[in-house]
Amino acid sequence: MVRWRHLPSGPMVLLLLVATQLPDVIDKPLAWTFAILPSGRMLAHSLVISLPVLTVVVLLAAHRSYGRYAVVFSAGYLSHIAGDFYPIMRLGTDYYFFPNLFWPLLSANPDRTLSFAAHSPDSLLSLAVTLIVFGLAVSYSLVTVYQRYE
């Protein structure tokens, strides 16, 4: 967005919000609700899977003149993965979920707890902050879209 020298529009912010959450939206239910995957950080969190998929998305979007949106989507998606795997910077390959980053080339380590309840926020304050930030971002996006098409 800095490259294009203007603030992101509502649709761009909404796309970024979706992209940053998409790996969890895909993996967590498949692991914790349907027991299809052994880990909530596996399929959509794997660079072996996500990099080729995002490359195709960017190429197809660029061909249809939506390259800017695809780049923002990819950056948001990859920032989620970077956030989940930041302990690798400190622990290296000793990080429990390290193999999941390269699944299916490496065998994935399963989650130690397989439920949404086990991974809930520690405090009501952390949940409230998350919901407020998410609500503000969605509100900004919707207002911008409304103003654009009014």
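Leaving aside neighbours within four places in sequence, Ala108 is in contact with Met42, Asn100 and Trp103. In this predicted model, Ala108 lies in the loop between helix 5 (98–101) and helix 6 (124–149). Ala108 is buried, because its relative accessible area is 19% and the cut-off for burial is under 20%. Tyr96 sits 12 residues from Ala108 along the chain, and the C-alpha atoms of the two are separated by 9.4 Å. The loop between helix 5 and helix 6 also holds Pro104. A cis peptide bond joins Trp103 and Pro104, with omega about 10°, and Trp103 is one of the residues in contact with Ala108. For comparison, most peptide bonds are trans.

The protein chain has six helices and zero strands, giving the pattern α-α-α-α-α-α along the sequence. The chain has 150 residues, of which 31% count as buried. Among contacts with a separation of 6 or more, 61% are between residues 24 or more positions apart. The chain exposes about 9800 Å², and carbon and sulfur atoms supply 70% of that area.

The axes of helix 2 and helix 3 come within 8 Å and cross at roughly 165°. Helix 2 is therefore roughly antiparallel to helix 3, the cut-off for that description being over 145 degrees. The crossing of helix 2 past helix 3 is right-handed. On the helix 2 side, the residues that meet helix 3 are Leu47, Ser50, Leu51, Leu54, Val57, Val58, Ala61 and Ala62. Their partners in helix 3 are Gly67, Ala70, Val71, Phe73, Ser74, Tyr77, Leu78 and Ile81.

Helix 3 also packs against helix 1 (residues 10–33). Here the angle is about 40° and the axes are 8 Å apart, which means that helix 1 is oblique to helix 3. Helix 1 passes helix 3 in a right-handed crossing. From helix 1, the contact involves Met12, Leu15, Leu16, Ala19, Thr20, Gln21, Leu22, Pro23 and Asp24. Helix 3 contributes Arg68, Tyr69, Val72, Phe73, Gly76, Tyr77, Ser79, His80, Ile81 and Asp84.

Neighbours within four places in sequence aside, Tyr77 is in contact with Ala19, Thr20, Leu22, Pro23, Ala44, Ser50 and Leu54. Leu16 is 61 residues from Tyr77 along the chain, yet their C-alpha atoms are separated by 8.0 Å.

Side chains of opposite charge can pair when their charged atoms come close. The count comes to two salt bridges. One is formed by the side chains of Lys28 and Asp24, at 3.3 Å from N to O. Lys28 and Asp24 are separated by about one helical turn, because they are four residues apart in helix 1. Lys28 is buried, with a relative accessible area of 12%.

The side chains of Arg41 and Asp84 meet in another salt bridge, at 3.7 Å from N to O.

Most residues other than glycine have a negative phi. Ala35, though not a glycine, has a positive phi of about 55°. Ala35 is found in the loop between helix 1 and helix 2 and counts as exposed, at 63% relative accessibility. Ser65 also has a positive phi, near 65°. Ser65 has its place in the loop between helix 2 and helix 3, where its relative accessibility of 67% counts as exposed.

Technical notes:
Residues are numbered from 1 along each chain as its sequence is written. This is a predicted model: local features need pLDDT of at least 70, side-chain atom pairs count only at pLDDT 80 or more; totals for chains, interfaces and linings use all residues. Side-chain values use heavy atoms; hydrogens and water are left out. Helices (H or I, at least four residues) and strands (E, at least two) are DSSP runs, numbered from the N terminus. Buried means under 20% relative accessible area, exposed over 50%, partly exposed in between (1.4 Å probe, protein chains only). Contact means heavy atoms within 4.5 Å. Accessible areas come from the Shrake-Rupley method with a 1.4 Å probe; for residues, only the protein chains shown count as cover. A salt bridge is a side-chain nitrogen of Lys or Arg within 4 Å of a carboxyl oxygen of Asp or Glu. Axes are lines fitted to C-alpha atoms, for helices over the stretch in contact, and angles run from 0 to 180 degrees between N-to-C directions. Angles under 35 degrees count as roughly parallel, over 145 as roughly antiparallel, 65 to 115 as roughly perpendicular and the rest as oblique. A crossing is left-handed if the near helix is turned anticlockwise from the far one by less than a right angle, and right-handed if clockwise.
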